[in-house]
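User: I am new to this model and would like a close look at one part of it. Please start there, then show me how the rest is arranged.

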Amino acid sequence: MIRVLVADDQALLRGSFRILVDTAPDLTAVGEAGTGVEAVDLARSESPDVVLMDVRMPEMDGIEATRRICGSADTAGVRVLMLTTFDLDEYVYAALRAGASGFLLKDTPPGELLAAIRVIASGEGLLAPTVTRRLIAEFSRRPEPARPLARELDGVTDRERDVLALIARGLSNTEIADHLNLSLATVKTHIGRLLGKLGARDRAQLVIVAYETGLVSAAPRSVTPGRR
């Protein structure tokens with residue numbers, strides 16, 4: 001069973017999400033939090049697999065709560081899926097920087113939300129397509145990164161950089177395989193190595209690394225199909 005903690009300042013929404021989670025045979029709700037402080041405390045006491053985290057909450061917002069959950073050794077295995085009614089660039093960026101593994105809007109259909117919880121629990125990162133596009137646009141408007149590319153990506157091969165760049169562009173594993181003329185298994189191997197070398201929790205964190213190191217910027221980096 002995938003254990004889910006629901007954190008939202010609106011009781012009606014919390015209850016609705018909890019009921020939705022409990023309708024799935026492989027998911028179970030282990031608690032509800034109405035504030036960011038409660039979310040952090042319950043994450044420590046209940047050790048959920050996934051926290052559905054609202055951005056705007058009293059006492060401590062969801063982004064700070066996410067930062068504390070993902071940054072603590074006690075809750076290092078807890079993954080956070082941010083939910084908000086606001087499709088705003090600064091929320092997406094801040095949430096991913098804080099350690100969130102995914103970001104969805106609250107108007108996401110119920111079936112897609114349940115699927116997203118499973119994706120996050122499995123160790124993958126997830127962004128809604130519209131959010132990915134806005135995130136890319138936001139990074140494109142930012143100035144050049146202050147941190148040197150060579151140092152940040154030291155030990156990452158050229159092919160791994162190609163894969164990382166395409167992840168940051170929002171391509172799926174299958175699309176990356178087609179673009180680079182690689183097998184799907186090879187793409188997955190490259191992603192696994194990237195996660196280890198860059199100390200990233202999941203795919204969403206790889207997007208942050210790609211943009212903050214300058215590997216991906218407003219001008220798309222040229223990728224040569226089939227180059228090893």
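Which residue takes a positive phi of about 90° just after α11?

Analyst: That residue is G214. The model is a predicted one, and the values below are computed from it.

α11 covers residues 203-212. This helix is mostly covered, with ten of its ten residues buried. They run from R203, A204 and Q205 through L206, V207, I208 and V209 to A210, Y211 and E212. G214 then comes just after the helix, with its positive phi.

Now look at the space beside α11. The second largest pocket has 13 lining residues. Those nearest its centre are L198, G199, Q205, I208 and V209. Two elements give two or more residues to this lining: α4 (89-98) and α11. The largest share comes from α11, with four residues. By class, the lining holds five nonpolar, three polar and five charged residues. The pocket's volume is about 260 Å³.

One of the residues in α4 is A94. T66 is 28 residues away from A94 along the chain. Their C-alpha atoms are 10.0 Å apart.

Next, the cores. The largest nonpolar core has 30 residues. Within it, A7, V51, M53, I69, V80, M82 and F103 touch the most other members. α4 supplies the largest share of this core, six residues. A separate core of 24 residues lies apart from it, with V156, L198, L206 and V209 among its members. L198 and V209 are also two of the residues nearest the centre of the second largest pocket.

Leaving out residues up to four places away in sequence, A7 touches A33, A39, V51, L52, M53, D54 and M57.

How do the neighbouring strands connect? β1 (residues 2-7) pairs with β2 in the parallel sense, over six bridges. L5 stands opposite G31 in β2. β2 spans residues 27-33 and is mostly covered, with five of its seven residues buried. β1 also pairs with β3 in the parallel sense, over four bridges. There the bridge partner of L5 is V51. β3 in turn pairs with β4 (residues 79-84), again parallel, over five bridges. L52 has L81 as its bridge partner in β4.

S47 is not a glycine, yet its phi is positive, about 50°. E59 lies in the loop between β3 and α3 (62-71). At 67% relative accessibility, E59 counts as exposed.

Another helix ends with a glycine to look at. α8 (residues 158-168) has ten of its eleven residues buried, so it is largely enclosed by the rest of the structure. The buried ones include R159, E160, R161 and D162, as well as V163, L164 and I167. α8 is followed by G170, with a positive phi near 95°. Compare G214, which follows α11 with a positive phi of about 90°.

Last, the whole chain. It has eleven helices and six strands. Of its 228 residues, 51% count as buried. Consider contacts between residues at least 6 apart in sequence: 68% of them join residues at least 24 apart.

Methods. Residues numbered from 1 in each chain as written. Predicted model: local features only at pLDDT ≥ 70, side-chain atom pairs only at ≥ 80, totals over all residues. Heavy atoms only, no water. 1 Å grid on protein atoms, 1.4 Å probe; cavity = no way out; pocket = protein on both sides within 12 Å on 5 of 7 lines; lining within 4 Å. Points joined across faces, edges and corners; volume = space filled by probe spheres on them. Nonpolar A, V, L, I, M, F, W, Y, C, P; charged D, E, K, R; others polar. Core = buried A, V, L, I, M, F, W, Y, C linked by side-chain atoms within 4.5 Å. Buried < 20%, exposed > 50% of the residue type's maximum accessible area, 1.4 Å probe, protein only. Contact = heavy atoms within 4.5 Å. Pairing = 2+ DSSP bridges.
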